[in-house]
Amino acid sequence: MDDTSGATPAVRAEALVKHYGSGTGAIEAVRGVDLTVEAGEVFGFLGPNGAGKSTMVRMLTTLLSITSGTATVAGADVAHEPDAVRHRIGVALQEAGLDPRQTGRELLVLQSRLFGLSAHEASARTEDLLALVELEDAADRRIKSYSGGMKRRLDLASALVHEPQVLFLDEPTTGLDPASRLTVWDEVRRINERGTTVFLTTQYLEEADQLCDRLAIIDDGVIVREGTPAQLKAELRERQGLASDPTLDEVFLDATGRTRERVAGDVREVVA
Amino acid sequence: MTQAWLLGQRALREGWRTPEALLPTLFIPLFFLVVNVGQAGKIFPAASTSFLHGQGYGAFQLPVSLLLAASFGTAALFLVEDIEGGYFDKLRAAPISRTAIVMGRLIAELARGLLIAAAVAVLGMAFGISIASGPLGFLLLVGLTALWSVVFVGFMQLIALKTRSAAATNSGGLVFFPLLFLTPNFVPRDLLTRPMEIAATLNPVTYVMEALRSVILRDLVWSEILPGFAVVAVLGALMLALNVRMIRHYD
């Protein structure tokens with residue numbers, strides 16, 4: 001069962017489909033996605049709002065049923081072995097999943113205990129994680145008094161209590177100020193250096209450029225580009241005969257069929 | 001069971017740290033007790049009303065207040081907060097038994113129900129109501145009320161899981177009021193009109209109310225007490241099963 005060593009990809013999706021609703025009113029949120037994320041990578045999953053990023057993450061983290069296709073995470077089948085998947089993943093979703101009435105320390109101890117650590121182990125692990133995300137001073141304050149950045153870091157820590165093989169981060173820096181964003185980036189790098197595969201969705205292309213070894217762009221439920229940032233830029237430069245490498249923003253706009261048009265001094269995004 | 005207990009402790013902390021959610025569950029039932037006794041107390045004098053077994057009308061009304069106190073379903077509103085805030089997904093994404101997720105909240109509700117029921121009963125006793133069946137009867141009174149609160153919160157959680165909305169969950173709780181009034185809440189069942197008697201006989205809340213009333217007004221009459229416990233056992237098992245099923249299929 002635990003065949004996660006060697007060449008087993010951290011994430012593999014084949015013809016993955018998700019429909020919401022049924023009949024003529026059904027919404028096709030994900031339409032046949034094939035994806036492979038190798039162990040140890042920081043993989044970026046980009047796309048415009050409503051493209052299917054969060055739906056993909058929710059399927060891969062067992063939170064959402066799969067309409068058709070297959071997915072394995074850390075070697076376990078998402079649909080048929082959800083508990084095995086849950087043991088091997090850490091999840092920090094778009095909405096920091098925290099209980100505002102608990103203290104940071106209580107939340108981490110509880111999360112550790114729920115993953116099977118003894119009271120003593122949970123306490124030690126909590127101290128480690130509080131140090132990792134630099135929240136020791138705020139550990140005994142109720143979470144409702146935390147800033148947005150502190151909540152994100154605590155959410156990140158709570159996703160790491162069991163040292164997961166794959167960490168899913170759904171837009172981890174949305175709504176954060178630049179300083180907090182840089183702190184989260186540092187955490188992600190540190191976590192990845194410790195051997196955890198990171199699957200990251202983001203709308204910030206600079207973030208993807210800074211953090212990701214490889215990335216995929218999803219639009220309207222299908223993958224429209226996949227590769228390293230350098231490969232994607234080079235492909236666009238060659239295809240359009242550009243003198244220098246384009247930015248990842250330009251790759252994104254090209255991939256999603258959007259262009260930027262200057263109208264009366266404002267830049268607006270339009271669908272080509 | 002460890003996971004359920006851990007989550008139960010967390011839910012207890014949550015309740016303890018939100019005392020403002022607890023106060024109405026004490027105040028409103030006591031308000032109804034005072035109003036109902038004030039309105040109908042003179043119609044049923046203790047000396048000449050056989051179904052009061054020598055006590056005042058407040059003793060007859062106490063079970064109504066106890067059931068009201070146990071039917072606020074606050075835990076379901078905390079569950080909606082968990083859903084809206086993303087903590088519920090955090091739990092679902094962890095290798096936690098789905099039963100433990102439900103049981104954690106129900107354990108906390110049981111503890112809260114015990115506390116509230118004991119407080120309402122003790123306040124009633126302070127105003128002259130006595131528990132005719134003695135200390136064991138008091139424990140049965142508090143225990144049955146707390147178990148009913150677990151059943152009711154199980155029902156409210158179903159609404160919370162289905163609608164994921166605090167407003168809808170709150171409104172869903174109002175369904176209890178017709179059930180509370182389709183019972184022998186002012187007079188015993190045999191004094192109700194025939195249609196009301198039929199409605200009360202079909203209403204499971206009736207048997208819980210009659211069991212509570214029995215331990216207050218009479219010595220331990222098991223034939224009146226056990227149907228109340230049977231109702232909460234059957235409905236409790238049903239609510240647990242439906243809650244677990246709903247979390248398993250939660251998308």
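Predicted model: local features only at pLDDT ≥ 70, side-chain atom pairs only at ≥ 80, totals over all residues.
1. Start with the strands. Six of them form an open sheet in chain A, in the order β6-β7-β8-β3-β9-β10. The pairing is mixed. From one strand to the next, the twist averages 15 degrees.

2. **The edges.** Which strands stand at the edges of the sheet? They are β6 (89–92) and β10 of chain A. Each has a single partner strand, so one side of each is left without a neighbour in the sheet.

3. **One strand pair up close.** Look at β6(A) beside β7 (residues 166–170) of chain A. The two run parallel and are joined by 4 bridges. Find Ile89(A) there: its bridge partner in β7(A) is Val166(A).

4. **A helix on the sheet.** Helix α6 (residues 178–193) of chain A packs on this sheet. The helix touches β3 (42–46), β7 and β8 (197–202) of chain A. The direction of α6 makes about 155 degrees with that of β8(A).

5. **Two domains in chain A.** The domain assignment gives domain 1 as 38–65 + 87–227 and domain 2 as 229–272. Note that domain 1 is written as two stretches. The C-alpha centres of the two domains lie 29 Å apart.

6. **Where the domains meet.** In chain A, 12 residues of domain 1 are in contact with 9 residues of domain 2. On the domain 1 side, α7 (205–211), β9 (214–219) and β10 (222–227) of chain A each supply at least two residues. What is that side made of? It divides into 8 nonpolar, 1 polar and 3 charged residues.

7. **The largest nonpolar core.** This core has 147 residues. Val73(A) and Val208(B) touch the most other members. Helix α7 (residues 134–163) of chain B gives the largest share, 16 residues. Why does the core lie between domain 1 and domain 2 of chain A? Both domains give residues to the core, so it lies between them.

8. **Around Val208(B).** Leave out residues up to four places away in sequence. Val208(B) then touches Leu67(B), Leu144(B), Trp148(B), Gly228(B), Val231(B) and Val232(B).

9. **Chain against chain.** The contact between the chains takes 21 residues from chain A and 18 residues from chain B. On the chain B side, α1 (2–16) and α5 (87–92) each supply at least two residues. The largest share of that side, 5 residues, comes from α1(B). By type, the chain B side holds 6 nonpolar, 4 polar and 8 charged residues.

Terms used:
Residues numbered from 1 in each chain as written. Chains lettered and ligands numbered in written order. Contact = placed C-beta atoms within 7 Å. Nonpolar A, V, L, I, M, F, W, Y, C, P; charged D, E, K, R; others polar. Domains from an automatic or database assignment. Core = buried A, V, L, I, M, F, W, Y, C linked by C-beta atoms within 7 Å. Buried ≥ 20, exposed ≤ 12 C-beta atoms within 10 Å, placed from the backbone. Pairing = 2+ DSSP bridges. Axes fitted to C-alpha atoms, helices over the stretch in contact; angles between N-to-C directions.
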